[in-house]
Amino acid sequence: MTPNSDPTVQPVPASVVRQVDAADTTLHNPQQAVIALGSNVGNRLERLQSAVDALADTPGMKVLAVSPVYETEPWGVDPASQGSYFNAVVLVRTTLPPGSLLERGHAIEEALERVRDERWGPRTIDVDIVAYQDVVSDDPLLTLPHPRAHERAFVLVPWHDVDPTAEVPGHGAVAELLAALGREGVAARTDLELSLPE
């Protein structure tokens, strides 16, 4: 019996082959990703730490570094309308492809009771993929790098802390972007600390 005469064998769609190939490449070649965290509802530090711990518990992911904690005013709204944010950046090495990393981020948000009912609304936790290696993608589901990361000091300041030589793909060095943007409104909370999971 030749392999092609088995009636149970179906041709594998090319899209599936590409997905498997991409996943296989990633498995053997872990990629570095930058994840921004933010919280302005409830125990903000506890929420950030829970997100860091959840990332560390994700199969195929290792947390390499966690930035200091910064406090910032909410973005895009009247600062008096909601509480200030605690922000941090996490550097990870992962075998997850970008889409799976996004799904994991959403699962962490859901577990920490993130509600998506208004743009720039208050949130228990925000888990944003800022960059994934040097990937540039305009996929509406996951634009890489994050479309506004290069103009947000609350992302660039903690990112620079964990990786001073980092670059925002397509925009240049984090250090140079930060020098042009300035650090106004990004207050270091030296009294607070996120722990790196063991």
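This is a predicted model: local features need pLDDT of at least 70, side-chain atom pairs count only at pLDDT 80 or more; totals for chains, interfaces and linings use all residues.
Tutor: Let's start with a word we'll need a lot: a residue is buried under 20% relative accessible area, exposed over 50%, and partly exposed in between, using a 1.4 Å probe and protein chains only. Residues are numbered from 1 along each chain as its sequence is written, and side-chain values use heavy atoms, with hydrogens and water left out.

Student: What makes helix α4 mostly covered?

Tutor: Eight of the 10 residues in α4 (residues 153–162) are buried. They are A153, F154, V155, L156, V157, P158, W159 and V162.

Student: Why is strand β4 called largely enclosed?

Tutor: Nine of the 10 residues in β4 (residues 85–94) are buried, so the rest of the structure largely encloses this strand. Across the protein, buried residues make up 42% of the 198 residues.

Student: How do you know that L91 is buried?

Tutor: L91 sits in strand β4. Its relative accessible area is 6%, and that is under 20%, so L91 counts as buried.

Student: What is L91 in contact with?

Tutor: Contact means heavy atoms within 4.5 Å. Leaving aside neighbours within four places in sequence, L91 is in contact with Q32, A33, V34, K62, V63, L64, A65, V162 and D163. L91 and D163 are 72 residues apart in sequence, yet their C-alpha atoms are 8.2 Å apart in space. For the protein as a whole, take contacts between residues at least 6 apart in sequence: 71% of them join residues at least 24 apart.

Student: How do you know that β1 and β4 are joined?

Tutor: Two strands pair if DSSP finds at least two bridges between them. Strand β1 (residues 31–39) has nine bridges to β4, so the pair passes, and the two run antiparallel. One example is G38, whose bridge partner in β4 is N87.

Student: Which bridges does β4 have with β2 and β3?

Tutor: β2 (residues 61–66) pairs with β4 in the antiparallel sense over five bridges, and A65 has L91 as its bridge partner there.

Student: Why are E71 and R44 called a salt bridge?

Tutor: The rule asks for a side-chain nitrogen of Lys or Arg within 4 Å of a carboxyl oxygen of Asp or Glu. Between E71 and R44 the N to O distance is 3.2 Å, so the pair qualifies. The two sit 27 residues apart, E71 in strand β3 (residues 70–72) and R44 in helix α2 (residues 44–56).

Student: What about E71 and R189?

Tutor: That salt bridge has an N to O distance of 2.6 Å. R189 lies in the segment after β8 (186–188) and E71 in strand β3, so the pair ties together parts that are 118 residues apart in sequence.

Student: What else does R189 form a salt bridge with?

Tutor: With D191, at 2.8 Å between the closest N and O atoms. R189 has a relative accessible area of 22%, which falls between 20% and 50%, so R189 is partly exposed. D191, at 54%, is over 50% and therefore exposed. Shared partners join R44, E71, R189 and D191 into one network, and the salt bridge count comes to three.

Student: What makes a space a cavity?

Tutor: On a 1 Å grid over the protein atoms alone, a cavity is a set of points where a 1.4 Å probe fits but cannot get out; lining residues have an atom within 4 Å of a point. Grid points are joined across faces, edges and corners, and the volume is the space filled by probe spheres set on them. There is one cavity of 30 Å³ or more, and the largest cavity holds about 40 Å³.

Student: Which residues line the largest cavity?

Tutor: I35, L55, L101, L102, G105, H106, V127 and I129. Helix α3 gives the most, with four residues.

Conventions
On a 1 Å grid over the protein atoms alone, a cavity is a set of points where a 1.4 Å probe fits but cannot get out, and a pocket is an open set with protein on both sides within 12 Å along at least five of seven lines; lining residues have an atom within 4 Å of a point.
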